Each structure stands twice: as structure tokens, then as C-alpha cells.
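User: I have a multi-chain model open and want to go through some of its packing. Can you take questions as they come?

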Amino acid sequence: MFDNVWLIPLFPLIGFLINGFLGKKIKNEAIIGGIGTLAIFGSFLVSCGILIEMISRGPENRVFEKVLFPWIHAGNFKADMAFLLDPLSVVMIMVVTGVGSLIHLYSIGYMHGEEGFYRFFAYLNLFCMSMLLLVLGNNMLVMFIGWEGVGLCSYLLIGYYFHKKSAGDAAKKAFVMNRVGDFGFLVGLFTLYWWLGDNANVWTINFMEIKKAAHLLPYGGVVTVATLCFFVGATGKSAQIPLFTWLPDAMEGPTPVSALIHAATMVTAGVYMIGRMSFVFIKSPDTMMVIAVVGAATAIFAATIGTAQNDIKRVLAYSTVSQLGFMFLAMGTGAFAAGIFHLMTHAFFKACLFLGSGSVIHAMHYALHHAHSHDDAQDMRNMGGLRKSMPITFITFLVSTIAISGIPGFSGFFSKDEILWQAFSNPYHGGLNIVLWGIGAVAACFTAFYMFRLVFMTFYGESRINPKAKSHLHESPLVITIPLMVLGFLAAVGGYIGLPKLVGDLFGGIPNYFEQWLEPVFEQAQEYGHHYAQSGGHHNVALEWGLMGASVVIALVGITIAFTMYVKNTELPGKFTSTFPALHRAVYNKWYIDELYDFLFVNPCKAFGNFLWKGFDVLVVDGIVNGVAAVVKGWSSAFRYTETGYVHNYAFVMAAGTVAILGYYIFR
Amino acid sequence: MLSLHHYLILSGILFSIGAMGVLIRRNAIVIFMCVELMLNAVNLTFIAFSRYLGNIDGQIFVFFVMTVAAAEAAVGLALMIAFYKNRESIDVEDINLMKL
Amino acid sequence: MPEILFFSLVAGVAIISSILVVAMRNPINCALSLIMTFFCMATLYVMLDAPFMAATQVIVYAGAIMVLIVFVIMLLNMRTETSKNYVHGVLVSSIVAVLTLFVISGFLSKSPLTGATGDMTPELVTKVGHVELIGKAMFSQFLLPFEITSILLLVAIVGSVILAKRKL
Amino acid sequence: MDYILSLITFIPLAGVLLLLVMPRNNAMLRGVALGVSLVTFIVSIGLICEFKTIADYQFVENIPWIKAGSFQMNYHVGIDGISLWLVILTTFIMPIAILSTWTAVEEKVKEYMICLLLLQVGMLGAFISLDLFLFYIFWELMLIPMYFIIGIWGGKNRVYAAVKFFIYTMVGSLLMLVAIMYVYFKAGAGDFDITRFYSIGLDPATQTWLFLAFALAFAIKVPMFPLHTWLPDAHTEAPTAGSVILAAVLLKMGTYGFVRFAIPLFPDATARFTPLIATLSVIGIVYASLVAMMQEDVKKLVAYSSVAHLGFVMIGVFALNQQGIAGGMLQMINHGISTGALFLIVGFIYERRHTRLITDFGGLSKQMPIFATIFMIVTFSSIGLPGTNGFVGEFLVLLGGFESKLRVWTIIASSGVILSAVYMLWMFQRVMFGELSNPKNQLLKDLNVREIVIMVPLIVMIFVMGIYPKPFIDRMIPSIDKLIIQAKKTQVAQLVVPASVIDNAAAVVASPSAEHAVPAAGTASPDMPDGHSILPAGHPAGESK
């Protein structure tokens with residue numbers, strides 16, 4: 001089965017080619033959607049086969065590389081088109097193909113009747129292929145193909161409604177911000193490759209070879225530089241401070257896209273990349289600290305913005321940014337397995353949430369359309385009380401919300417709690433650990449608050465929808481609700497494969513399967529970590545219970561606040577905004593980050609470009625060039641007056657010249 | 001006794017007068033005649049040298065110069081007629097087509 | 001001595017008539033002065049033992065070329081030039097002309113005035129005849145240039161016909 | 001097969017003669033020109049088949065041509081891995097260029113086609129010349145048809161552009177001619193064979209001046225900042241085919257000139273001027289990108305993007321290691337394909353709307369889906385998306401630059417990756433996305449068959465070179481190794497030349513490069529460290545004269 005790993009990206013590629021080239025002729029939505037969905041489902045089946053085989057193998061036997069063909073060979077630089085299978089990549093392909101299949105299925109219903117239906121599925125398949133290349137690549141360059149490929153697909157899919165200017169802008173913004181990250185990725189790659197080659201004579205970009213040579217790398221120094229560069233790449237792709245602003249804008253794309261790309265898979269690429277190169281990252285304590293701090297900061301920062309948004313998808317987008325912050329917090333504190341675990345559970349519940357919101361939007365859109373209303377179908381202020389008309393959507397949405405809020409028993413609890421605990425207890429950042437935990441906890445509180453705010457505003461209370469449209473509201477078709485149910489189920493139970501040791505012990509020593517599974521991947525990193533770990537950390541059972549309790553309480557506090565503000569006492573939000581208008585405006589306008597970036601980068605760049613063009617290129621360079629020409633021309637026209645055009649003058653000059661020359665030779 | 005110098009000096013004087021005529025006159029035909037004058041001055045030198053060096057080549061050369069002068073006269077005068085037809089003038093100041 | 005006297009006379013006439021060529025306002029007068037100069041030249045040729053060249057000078061120059069020029073002058077019906085358009089740059093041109101003379105005399109005074117000598121003496125000319133001497137040289141040693149000259153003349157004929165005929 | 005190079009070069013010339021005697025039937029003239037260029041391309045495929053992956057020159061023809069006393073000039077041609085792909089690129093682009101103005105050029109078709117084919121002769125000749133003088137002849141030969149193509153069939157401001165192009169290039173090439181003569185007299189009696197010149201061992205001071213003369217000629221052609229201003233004008237005014245050829249092939253003359261002549265002929269000067277050239281290239285990349293961003297004319301934007309792309313090539317070439325040069329060479333071909341395609345695309349819409357202003361467009365995607373797809377692929381190729389050709393070249397260039405002593409420069413240059421995305425996508429968005437608001441755009445027709453036929457080979461090449469560039473790189477590597485050895489050998493030798501000969505600055509520049517020669521050249525020159533250690537005993541620099 002391992003040998004067939006190339007099939008995994010191949011299926012979506014075939015799907016892409018068929019839909020891309022023939023889709024316009026096929027026209028039948030069922031066939032197009034079927035091809036797209038089957039392609040990724042085929043990959044899912046292969047992935048399952050690989051997972052089963054990998055489980056059956058011993059932990060020491062789980063790394064497998066498959067070289068397809070040599071790609072770029074130049075001198076000592078070798079990059080093959082090759083795939084790497086290990087527990088980490090298997091987790092990722094399972095998530096990508098599994099969630100991907102469901103979202104493809106969902107899209108058949110959601111995109112029904114859209115112009116360019118085939119285009120959508122082609123892009124979606126292309127995205128899956130790129131993402132699979134990203135996670136399967138056995139060297140940084142194949143990863144980079146996927147890395148840029150998903151960026152491309154993200155661009156294409158955000159710009160799917162290209163006739164809307166906002167969609168075009170958002171697409172461009174996403175791609176450019178990702179490019180900033182790619183720049184970091186490339187420089188990091190160069191640094192690592194050059195240093196290893198120059199100092200250790202290991203010329204490679206292959207992950208496994210780097211892993212073998214990782215002991216040659218120093219702690220800090222050049223590794224800090226390289227890993228920080230890589231981290232810049234990760235912030236671009238995973239929407240962390242300072243490159244996060246593209247993700248909320250990316251909601252311009254169709255909702256399944258938001259679910260698949262901007263929640264479940266692509267944005268987690270940064271987390272995956274850090275996990276893939278954990279053995280390098282951990283060698284730089286400074287980078288780890290930066291990652292943790294940036295992760296925590298993003299988590300709280302995005303969460304605050306999420307509390308004031310009214311667009312249902314934007315709330316979810318900021319929630320995604322915030323959750324990704326949690327993952328980076330985990331990575332930065334050395335809790336790699338926990339980070340990947342949260343990645344997986346997040347994929348379940350966030351995909352479910354997005355798809356659920358999509359279902360709501362779908363219904364709203366339909367209803368408003370039939371009522372000939374021009375209200376915004378995504379604005380929560382136009383919703384309310386939807387739980388009666390859309391029960392399935394409501395239940396799955398609620399389950400996922402509970403999961404993301406961190407209520408015990410649901411998947412989000414296990415993963416988030418693991419992260420918070422490790423942030424607190426891992427021995428890398430000394431006193432900072434408690435601060436990180438604190439920030440994380442507050443962010444979790446905000447999470448619970450804005451998610452339940454979302455649920456309450458959408459599904460509870462009185463309906464604020466246009467009365468004419470109300471009768472048109474109804475539950476979405478099966479093709480939409482089935483993925484919701486599956487994902488809701490996973491969001492509920494997905495966490496049980498990674499029970500915390502503490503909880504597992506209660507039930508007769510159930511191990512943390514997930515951590516065990518990933519242990520071979522992160523073993524080496526943990527070893528390097530011990531090199532500079534401080535005083536063993538705080539492994540105290542009572543403390544762990546305490547913190548777990550604290551995080552549950554925090555979540556409940558958030559939910560309670562939301563309940564008070566949006567169900568019990570609905571004037572409260574209004575009062576709040578009128579009490580702190582400046583704060584509300586700042587939060588509502590996303591702390592004016594976009595404006596700040598425009599002011600700091602975009603406008604100066606444009607002005608500078610304009611200056612270079614009009615000021616330097618045209619005035620200086622061309623000025624010099626044309627100036628030289630003008631000087632020559634000026635002299636020529638001055639000398640032109642000697643050429644009178646009269647034969648006489650020529651004859652005269654000729655005679656005088658002849659006389660002068662002869663005279664010179666005769667009388668000298 | 002007549003020497004070569006006499007002839008040469010005479011030739012020089014004639015040549016200078018011819019040159020001056022070319023330079024100061026504006027009538028193309030007069031200029032043309034001045035050129036003929038200069039040619040003749042040169043012819044005189046040729047023949048004088050031929051005589052005093054006892055070499056017949058100089059006279060043969062004069063012969064050719066005359067031929068060329070004749071051809072020149074034919075073409076030059078034709079040009080003047082053509083020009084006159086166009087401009088009603090043969091003043092060299094009016095020959096200014098090439099002037100910018 | 002009489003030779004020098006005669007030479008001075010002829011040279012004087014030649015110089016005066018050539019000055020007239022430059023100075024006269026009416027082109028016809030110029031032409032007539034030029035013919036006078038040509039005759040003086042022919043006389044000098046005779047004095048230099050070149051009777052055939054003298055004859056050619058009279059026939060070709062004074063006869064053919066000058067007739068042509070006079071014809072053209074009359075054909076174009078040219079009047080006496082007005083004073084305004086008569087001359088220009090007399091002073092500068094005169095200086096150049098004087099300088100030219102100066103340079104020529106300088107050259108004469110410095111140059112040894114020698115060249116390839118031949119065996120043609122006045123005695124030989126009288127004995128054999130000038131025409132025969134020239135004819136022999138022309139049709140043996142200088143045959144090719146002679147032929148080229150004939151082509152030149154042909155071209156000149158064609159050219160002048162076309163030029164005079166077509167409107168430029 | 002012995003004379004295949006001459007065959008390829010002079011088939012277009014035969015075409016020119018054929019066209020000269022043909023009647024003025026436009027369709028027939030176009031057909032013949034296209035046929036000739038296609039035949040040339042097909043014959044040139046034979047080169048790839050017969051090419052052996054070795055460092056030596058192949059398909060060599062060496063026939064004495066002009067001889068006057070000690071002056072001896074040969075018709076000496078041949079190719080190696082470096083010029084092979086450029087020859088193929090030229091023959092590949094030519095039919096496309098001819099097809100591109102199939103309908104756009106209606107006047108003086110005969111002269112137009114003759115100019116194009118003559119241009120091809122010049123370009124091919126310059127790439128295959130191994131005789132410096134022959135190279136110069138072909139170099140100048142290219143200039144004239146291009147001048148006419150811009151000046152006669154160009155846009156509104158064509159005369160200004162053509163004259164600017166001509167004079168810029170001429171200034172450079174005259175200095176180069178002087179330098180060629182100087183090298184020749186330094187080398188002593190004999191022919192203009194470049195391999196002979198490679199080994200004459202000029203002293204560094206002389207090299208400096210000669211290098212500057214050569215570099216100026218090539219830098220103008222590349223064009224490098226700040227000698228680039230002729231390019232936007234020439235591109236904007238030239239007809240589509242002219243722009244395509246200008247971008248795809250003519251600009252490569254500059255970079256090729258550096259690789260083939262300036263660097264191996266003057267290794268010491270190369271080492272000395274590498275920082276300068278790298279600085280100019282980096283400035284060019286950032287500068288051109290920023291300027292491109294603000295352009296209102298699509299064609300000008302593409303022209304400025306050329307400047308940026310060729311900045312990358314220069315960085316790669318002057319990194320002087322396998323990755324850098326291979327990347328630079330690939331980038332040259334890539335740029336030929338992608339930017340050529342971009343100019344074709346601009347030509348398509350210009351033919352339809354007779355405007356190139358970005359603001360006149362918007363929302364074309366809806367009206368022209370095929371066009372949109374092709375445009376997008378080409379745009380991303382130009383941005384350097386992995387999987388397309390642009391990426392491979394750019395990546396290798398940056399990698400090579402990073403490995404060499406040009407690390408800092410490379411990092412700044414890498415920011416061009418971001419900027420290229422900014423200006424290309426912004427332009428793409430403004431042209432293709434948004435509402436189809438302009439009523440004039442609502443009647444636009446999508447690409448016709450001819451236009452699709454033009455684009456398909458380019459698109460195929462974009463992906464082939466992006467996904468499987470190995471055959472391209474493999475054939476270059478031996479020649480590149482040879483070049484590196486040639487360029488580095490003298491640098492090492494120079495280290496032991498007394499400091500009085502070279503000023504200190506040059507020595508400082510040269511010394512780290514010599515140290516880097518060991519790891520950077522890698523397996524290419526295993527003897528290098530030995531050579532380095534033997535040098536102080538009996539250094540060859542003294543005997544090289």
C-alpha cells in the first residue's frame with residue numbers, strides 16, 4: 001500500500017484535469033460534482049489503506065519514502081519529486097482527504113446552480129492535490145510546491161466571484177500576504193541548506209536527511225535565523241500576526257472554500273510545517289519563544305475582534321485565526337503532538353461550523369431571494385430563531401460550538417486543554433509559561449463567548465429576518481446535512497483518541513493514542529529540547545486537575561456572559577457599545593490593522609513606485625538620456641549655421657582651406 | 001630671355017583672378033566663365049612645362065583638360081538652362097534647395 | 001629682348017581682359033573679355049612652340065565653348081546685373097585671391113621646378129611637325145585615356161540633352 | 001549533420017531571398033515566412049537529438065573567411081550546453097512571433113517578414129558564434145531589422161522608441177568593438193577564436209577596462225538598471241511580434257554575452273565587479289517591480305517586469321556556481337517563454353480594443369474565459385509559481401546566489417518574489433476581474449483558433465519546464481562546470497600576484513571568492529584546493545603572460 005502513495009495526489013489531479021478541461025462541456029452538475037467528490041474520496045480510501053498498513057507496522061517501521069522522478073538536480077542540489085509517509089503525514093492526509101471528501105459532497109448541494117460549477121470543483125480538486133503534495137513532500141521543495149499551490153487555489157477560490165471587486169481584492173491580498181510568507185520560507189530554506197552544506201557538507205533539503213544531520217546544527221545562531229524565516233512563512237500561510245489580515249477577507253469565497261481551505265486544511269500548513277521540522281525549530285529557544293508569543297498574541301487578538309463582528313463567516317474566520325494561534329502556542333511551547341491534535345480536532349469542528357454557517361446562509365439566501373429582499377444573508381442581525389426551521393444544522397452547529405468552547409467530553413476540550421496545560425508546564429520558557437497560559441485561558445474565554453454569541457444570535461431569540469422571507473426558511477437538503485452530521489459526530493468524539501493521561505488513568509490507563517502515534521516523529525525534537533529545558537517543569541497532578549477545572553470554568557464564564565447578553569438581556573450589548581464607543585469601534589474595525597498596513601506598507605510602496613517611475617525613471621534616467629541627445633542636438637543646430645546652403649560659401653571655405661593648407665606646407 | 005618663371009607667374013595671376021571671380025560673382029554663367037579662366041591658367045603651366053622640360057605629356061594633358069572643359073560646358077550650361085526654367089534666375093543665391 | 005617685350009604685351013592684355021571678365025556687369029561683356037583672354041593664351045602657346053595647341057585653343061575654347069556660352073546668355077536673355085546683386089564679399093574674396101597668388105609665388109620661389117624631361121625640342125617640333133608628335137603620343141601611349149575621354153563626351157552629350165529637355 | 005548549425009542559421013536567410021522575389025500576396029508571404037520558421041525549428045530539434053552531454057563545443061564548423069595579413073577571421077561556429085537552449089528558444093519563438101501578427105500587420109507585409117527572418121539569422125548567428133568578430137557581425141546584424149520593426153510597424157511614438165533603442169545599443173556595441181580589437185592585439189597575431197582569448201591572461205588593470213567595455217554593451221542589452229529606459233519604450237511601441245522577440249531572445253543576448261564572453265574572458269575583473277553588478281541587479285529587481293506596480297499601460301508593466309526578471313538572471317550568473325548559472329540560464333529561457341506569452345496576450349487584447357490602458361479593461365474573465373485561463377497560467381508562470389517554469393529558474397538563482405558570496409544581495413532580491421506577485425496580480429485583477437462595466441468590452445470575442453494555437457506550445461513549455469526541468473539542466477551542467485573553472489582559475493592565481501598590480505579593493509573582493517570556490521564548485525573542480533596550495537611555490541600567474 002505504501003508504494004501506492006502517489007495515487008493520493010493523483011486522483012484529485014485527474015479530477016482537476018477532467019473538470020477543468022471538460023467540465024464546461026459536461027454541464028451536468030451531478031457528474032461534475034461526482035467526479036470531483038469521487039476523486040478525493042479515492043484518495044481518502046488510499047489514505048485509509050495506508051493508515052491501516054502503518055498501524056500494522058511497528059513504530060520503528062513507519063517511515064517510508066517514495067521517489068517518483070528527479071525534479072531539479074543542479075550540482076550538489078538535488079530535489080526529487082518524492083513523497084514521505086510517516087505518522088505525521090498520515091494524520092494530515094487523513095484529515096485532508098476525509099474532511100475534503102465531506103466538503104466536496106457538501107459543495108454539490110451548496111454550489112447548485114452556480115455559474116462555473118465545474119470551475120469550482122476543478123479548483124477544489126486542484127487544491128486537494130496541492131495540499132496533499134504539501135503534506136506528503138519528502139523535501140522542502142515539494143512541500144513548497146504544495147505550499148504555493150494551495151496559495152494559488154486559495155487565490156482562485158477566493159476570487160471565485162471575480163466580478164465582485166471585494167473578491168478580487170481579497171484574493172490578491174491573500175496571495176500577496178502568502179507570498180510574503182513564502183519569501184520567508186525560501187530564505188529559511190536557503191539558510192538551512194547553505195549552512196548544513198557549507199559547514200557540515202550535508203547538501204540536502206530532504207526532511208529525513210536533515211533530521212539525521214540535525215545534531216550538527218547549533219543551538220540558536222544560524223538556526224534561529226533559519227527557523228524565524230520559516231516561521232514568517234508559517235505566519236503567512238496560517239494567518240498569524242502580523243500576516244493574518246487576509247484570512248477574514250478570504251471569506252469572500254464560497255462557504256465550502258472557507259471550510260476546507262480557510263479553516264480545516266490550508267491554514268494549518270504552517271503548523272504542519274513546524275511539526276515537520278520540529279527537530280530544527282526546537283534547536284532555537286528564541287524561535288520557540290517567538291512562536292509561542294506570536295501564537296498566544298494572535299489567539300487573544302483575533303478573539304477580541306471576533307466578539308464584535310456581525311458577519312457570521314467573519315466571526316468564524318477570526319475564530320480560526322484565534323484557534324491557529326492556539327496551535328502555534330502549542331508548537332512554540334514544544335507541545336508538538338498537542339498542536340497537531342488540535343489541528344485535527346479543529347479541522348472537524350471548524351469545518352462543521354463553517355459548513356453549518358454555509359447551510360444557514362444557503363437557507364437565508366434562498367428565503368431572502370424569494371422574498372425579494374436585499375438584506376445581507378450573512379449578517380447575524382438578520383437572523384435569529386433559526387433552530388426551529390433548521391434543526392439538523394442547529395444541532396451539529398451547537399455540538400461543534402461546544403467542542404470549540406472547550407466543554408469537557410467534546411473534542412475541543414481535550415486538545416485545547418492539552419495545549420494550555422503544556423503551555424503551562426513545558427519547561428522551555430521559564431516564567432513566561434504562566435503568562436502564556438493566562439493569555440491562552442483568556443482567549444479561550446473569549447472563544448466561548450463569541451461562539452455562543454454566534455449561536456444565540458443565529459439560532460435563538462426572536463427571528464429578525466424579513467417577515468416575508470420567514471416562510472421560505474427550511475432545512476438544507478441531505479447532501480448538505482450529511483457532511484454536517486458526520487463532522488458534528490467527529491467534533492464530538494474525535495477527541496477520544498487523544499485522552500489526556502490524567503483522564504486516561506481514571507478509566508483504567510487508556511493511553512494517549514494520538515501522542516503515542518506521533519511520538520516517533522517528535523522524539524528527536526523532545527530530546528533536543530531537554531538540552532536547554534529549565535528545571536523539569538511543573539508536573540503536578542493536582543495542579544493539572546486544577547488547571548483543567550479552571551479552563552472549564554473559564555469556558556462556562558464565557559458562555560454565561562454570552563447567554564446574559566444575547567438571550568436574557570438583549571439590551572446589554574447596545575448599552576455596552578454606547579458606554580465604550582471608542583473601544584467598540586476599534587474592535588469592530590479590527591483594531592484598524594488593515595488601515596495601519598495600508599498606511600505603513602501599501603501606500604508608501606505605491607507612492608515610492610510612482611516616484612521611481614515618474615521621478616526617477618522618466619525625469620532622471622530618461623532626462624539624462626534625452627538630455628545628452630538634446631545637448632548634441634543643440635550643438636548640431638549651432639554648427640548648422642555654418643552650412644548655409646549657398647554654393648558660394650562652400651567655395652569660399654574650400655578655397656580658403658586649400659590656401660591655408662598649401663600655405664602651411666610651403667612656408668613652414 | 002624668357003624663362004619658365006614668366007609663364008608660371010602669369011598663370012598664377014590668371015588663376016587668382018579666376019578664383020576671385022568664382023568667389024565674388026553671383027551669376028552662375030560668369031562663375032562658369034571664371035572657372036574656364038582658371039582651367040586655362042593651368043593649361044598654360046602645362047604647356048610651359050612641356051616646352052621647358054621637352055616632354056610632350058604636358059600638351060597631351062592640356063588636350064584632355066580641354067575635352068573635359070567642353071563636356072563641362074555642355075552639362076553645366078544645360079543645368080543652368082534647366083535651373084533657369086524653374087527659377088527664372090541663375091543667381092547662385094537662388095540655388096538653395098538643399099538649404100534647410 | 002623683343003621676345004620679353006612681346007610676352008609682356010600679350011600677358012598684359014591677358015591680365016586686363018581676365019580682370020574685365022571678373023569685373024564687367026554684363027555677362028556678354030564678360031564673355032567677350034574671356035574670348036580675348038583665350039586669344040592671348042593661344043598666342044602664348046605659339047610662343048611656346050605648340051602651334052597645334054594654339055589652334056585647338058582657338059577652335060575649342062574661343063570657338064565652340066564661348067559660342068555656347070554666348071548662346072546661352074542670349075537664350076536666357078540676361079540683363080545687366082543690378083548693383084545690389086552684382087557681387088558679394090569682394091574684400092574677403094580678394095584677400096583670398098591675393099593669398100592664392102602669394103602662395104603660388106611662394107611655391108615658385110621654393111620649388112626647383114623640375115620634372116620628367118623628354119626629348120622634345122623646338123628643333124624636333126619644326127622638323128617632324130607638332131601635329132604628328134602629338135598624334136603619335138595620343139594614339140599610342142595615351143590611347144586608353146583618349147577612349148575614356150570620348151566616353152566622357154558621350155555622357156556629357158546625353159546628360160546635357162536630358163537636362164535641358166526635362167523639367168527639373 | 002556536420003553543417004546543421006549553418007543550416008539552421010541560414011534557412012531563414014534563404015527564406016529572405018525567397019520572399020524578396022515573391023509577389024506581394026500577403027497570405028502567401030505570411031505562409032512562406034511561417035513555413036521557413038517552422039522548418040528552421042524542426043531542423044533545430046535535430047540539435048537536441050544529436051547533442052552529447054559534454055562540456056566541449058559541438059557541431060563545430062571552422063572555415064577561414066577573411067584574411068588580411070595577420071588579421072584572420074574565421075567562420076567558426078559551434079554550440080555547447082549554454083547556447084543550445086538559446087538556439088532552440090530562438091527557433092521556437094520565431095513561428096509563434098510570425099503567427100502573432102498574422103492579422104495585425106497589413107502594410108508592407110513583405111518587408112515585415114523579411115525583417116523578422118533577417119532578425120532570426122542575426123540572433124541565431126550570435127548564439128552560435130565562437131569567433132569574436134563573427135559574433136560582433138551578427139550582434140550588429142540583429143540591430144537593423146529590429147530597428148525597422150519598431151520604427152515602421154510600431155505604435156504612435158515609434159520613431160522615438162526605435163532611435164532610442166538603436167542608439168542605446170549602438171553606444172554599447174561600439175565600446176565592445178574597441179574592446180574586441182584590444183583583446184585581439186593583446187593576444188597577438190592569429191584569429192578571433194574565443195577559446196584562444198580565454199587563455200591569454202591579461203593583467204587585472206587591463207581586464208578592468210575591457211570588462212567595463214563588454215559589460216556596458218551587454219548591460220544595455222540585458223538591460224540592467226539604470227540603462228533600462230529604452231526597454232519600456234521599445235516594448236510599448238513595437239508590434240507584438242517585435243515585443244515578443246525582443247523580450248524572448250534579444251534581451252538574452254546581454255546575459256548570454258556575460259556568460260560567454262565577459263566572465264570567462266576577464267575573470268579577475270569579474271570578481272572585482274561582481275558586487276557592483278549584483279547591486280545593480282538587485283536595485284533593478286526592486287526598482288523595476290515598484291515601477292511596474294504603478295504602470296497604467298499593460299505592455300509597459302510587462303516590460304518593467306522583464307527588467308526585474310533579468311535582474312534575477314544576472315544575480316544567478318554572477319553567483320558563479322552551478323545552481324546560480326544553471327538557474328540563470330533556465331530563467332533566461334523561462335523569461336523568454338513567459339514574458340513572450342505575456343506580450344502575446346497583451347497583443348491579443350490590443351488587437352481587439354486598440355488600447356493597452358489597464359483602466360480601459362476590467363471584468364474580461366466573464367467575456368473571454370479561455371483568454372482568462374491562459375492569461376492566468378502565464379501570469380503565475382511569470383510570478384514563479386512552483387510547477388511552472390518560472391519557479392525552477394528563480395529558485396535555483398536564489399539558491400545559487402545564497403550559496404555564493406552574494407548572500408545579502410540574494411535576500412534582497414528574494415523580495416522580488418513578493419513584489420512580482422503584487423504587480424502581476426494587481427494588473428490581472430484590474431484587467432480580468434470585477435464588473436464588465438465598459439460597454440466596449442462587452443462585445444469582445446474570445447481567442448480564435450489561431451491565437452489558441454499560438455499559446456498552446458508556450459503553455460505546454462511552461463509546465464514541462466516547471467515539472468521536469470531535468471533534461472534542460474542536465475545538458476547545461478558540463479558546460480557550466482567548464483565556465484566556472486575558467487572563471488575561478490584565474491581568480492585563485494591572482495591571489496599570489498603582488499598587491500602592487502591590483503589595488504587592495506580587488507584583492508579583498510577576490511579573496512573570499514577564492515575560498516568559496518572550493519565548496520561552491522563542489523565536485524566540479526576537485527583539483528581546486530590542490531591548485532590553491534601549490535600556487536605559492538611556482539605560481540602560474542607569472543607565466544601566463
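User: What does A:A351 touch, leaving out residues up to four places away in sequence?
Analyst: A:A351 touches A:V99, A:I103, A:A259, A:A263, A:A264 and A:L487. Touching, or contact, is when the C-beta atoms of two residues, placed from the backbone, lie within 7 Å.

User: Which residues touch the most other members of the largest nonpolar core?
Analyst: A:A351 and D:F214 do, in a core of 442 residues. Helix α15 (residues 336–370) of chain A supplies the largest share of this core, 20 residues. A nonpolar core here is a set of buried Ala, Val, Leu, Ile, Met, Phe, Trp, Tyr and Cys residues joined through C-beta atoms within 7 Å. Buried is 20 or more other C-beta atoms within 10 Å of a residue's own, exposed is 12 or fewer, and partly exposed is in between, with C-beta atoms placed from the backbone. A second, separate core has 73 residues, including B:I31, B:M38, B:M80 and C:V22.

User: Before I go on, where do the numbering and cut-offs come from?
Analyst: Residues are numbered from 1 along each chain as its sequence is written, and chains are lettered from A and ligands numbered from 1 in the order in which they are written. This is a predicted model, in which local features need pLDDT of at least 70 and side-chain atom pairs count only at pLDDT 80 or more, while totals for chains, interfaces and linings use all residues.

User: OK, chains. Which pair shares the most contacts?
Analyst: Chains B and C, of the four pairs of chains in contact. No contact joins chain B and chain D, and their closest C-alpha atoms lie 21 Å apart. Chain C and chain D have no contact either, with closest C-alpha atoms 31 Å apart.

User: How do α3(B) and α3(C) pack, by angle and axes?
Analyst: Helix α3 (residues 57–87) of chain B and helix α3 (residues 51–76) of chain C pack at about 5 degrees, axes 11 Å apart. The two helices are therefore roughly parallel to each other, a label for angles under 35 degrees; over 145 is roughly antiparallel, 65 to 115 roughly perpendicular and the rest oblique. Axes are lines fitted to C-alpha atoms, for helices over the stretch in contact, and angles run from 0 to 180 degrees between N-to-C directions. Helices (H or I, at least four residues) and strands (E, at least two) are DSSP runs numbered from the N terminus.

User: And which residues meet there?
Analyst: Among them are B:M66, B:A69 and B:L77 in α3(B), and C:V60, C:I65 and C:L68 in α3(C).

User: What about C:D49: what is its phi?
Analyst: C:D49 has a positive phi of about 60 degrees, although not a glycine. Most residues other than glycine have a negative phi, and most peptide bonds are trans.

User: Is C:D49 buried or exposed?
Analyst: C:D49 is buried, because 20 other C-beta atoms lie within 10 Å. D:F59, with a positive phi of about 55 degrees, is in strand β1 (residues 58–68) of chain D. D:F59 is buried too, with 23 other C-beta atoms within 10 Å.
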